Amino acid sequence: MYFDGSCPMCRAEIGHYRKQGAAADFVDIHADGTALPGALSRERAMTRFHVRLADGRLVSGARAFAELWKATPGWRWAGHVAALPPMVWILELAYRLFLPVRPVIKAVWRRLAQ
C-alpha cells in the first residue's frame with residue numbers, strides 16, 4: 001500500500017489502519033529512496049492512492065481503498081461491499097471529486113497541526 005507520507009491527513013489515516021491491524025505493508029512514497037514497482041512512477045503515486053495486490057496487480061482509487069479495507073479487521077465487510085458494482089463506481093466518482101481539493105485539505109490540516 002503506497003501513501004503520501006508528506007500529507008498529515010494521509011499519515012493520520014494510515015495510522016488508523018495500522019492501529020486496526022491492517023494486514024498490509026505501508027510504503028511512504030514521499031521518503032527518499034523508496035522503491036516503487038516498475039508500473040508506478042513517484043509522480044503517478046502522488047496523484048492517487050495505490051495498492052499492490054498479492055498477485056502483483058496494481059489497483060488505485062476506490063478499488064485500492066476496498067482492498068485495504070478487506071485487509072483491515074473491522075473494515076472487511078466494508079471492503080467487500082465497496083468492491084461491488086455499482087458501489088465501487090460511486091466511490092470512484094466521489095474519490096475523483098475529492099482529488100482536486102486534496103491539496104487544500106492537506107494545507108489546512110498542516111496549518112491546524114502547527
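Helices α4 (76–82) and α5 (87–98) each supply at least two residues of a nonpolar surface patch. The patch consists of W77, V81, L84, M87 and I90. This is a predicted model.

**Surface patch**
- Together, the five residues W77, V81, L84, M87 and I90 have about 520 Å² of accessible area.
- L84 sits in the loop between α4 and α5.

**Nonpolar core**
- The largest nonpolar core holds 19 residues.
- M1, Y17, F26, F49, V51 and L68 have the most contacts inside this core.
- Two or more core residues come from each of α1 (8–19), α3 (62–70) and α4.
- α3 gives the largest share, with 5 residues.
- Beyond its neighbours within four places in sequence, F26 touches M1, F3, I14, Y17, R18 and L68.

**Cysteines**
- The structure contains 0 disulfides.
- C7 counts as buried because its relative accessibility is 0%.
- C10 has a relative accessible area of 13%, so C10 is buried too.
- The cut-off for buried is under 20% relative accessible area.

**Loop residue L36**
- L36 lies in the loop between β2 (27–28) and α2 (42–47).
- Setting aside neighbours within four places in sequence, L36 contacts Y2, I29, S41 and R42.
- L36 and W109 are 73 residues apart along the chain, and their C-alpha atoms are separated by 27 Å.

Terms used: Residues numbered from 1 in each chain as written. Predicted model: local features only at pLDDT ≥ 70, side-chain atom pairs only at ≥ 80, totals over all residues. Heavy atoms only, no water. Patch = residues over 30% accessible without salt bridge, like charges linked within 9 Å, V, L, I, M, F, W, Y side chains within 5 Å. Areas by Shrake-Rupley, 256 points an atom, 1.4 Å probe, with all protein chains shown as cover. Salt bridge = Lys/Arg side-chain N within 4 Å of Asp/Glu carboxyl O. Helix = DSSP H or I, 4+ residues; strand = E, 2+ residues; numbered from the N terminus. Disulfide = S-S within 2.5 Å. Buried < 20%, exposed > 50% of the residue type's maximum accessible area, 1.4 Å probe, protein only. Contact = heavy atoms within 4.5 Å. Core = buried A, V, L, I, M, F, W, Y, C linked by side-chain atoms within 4.5 Å.
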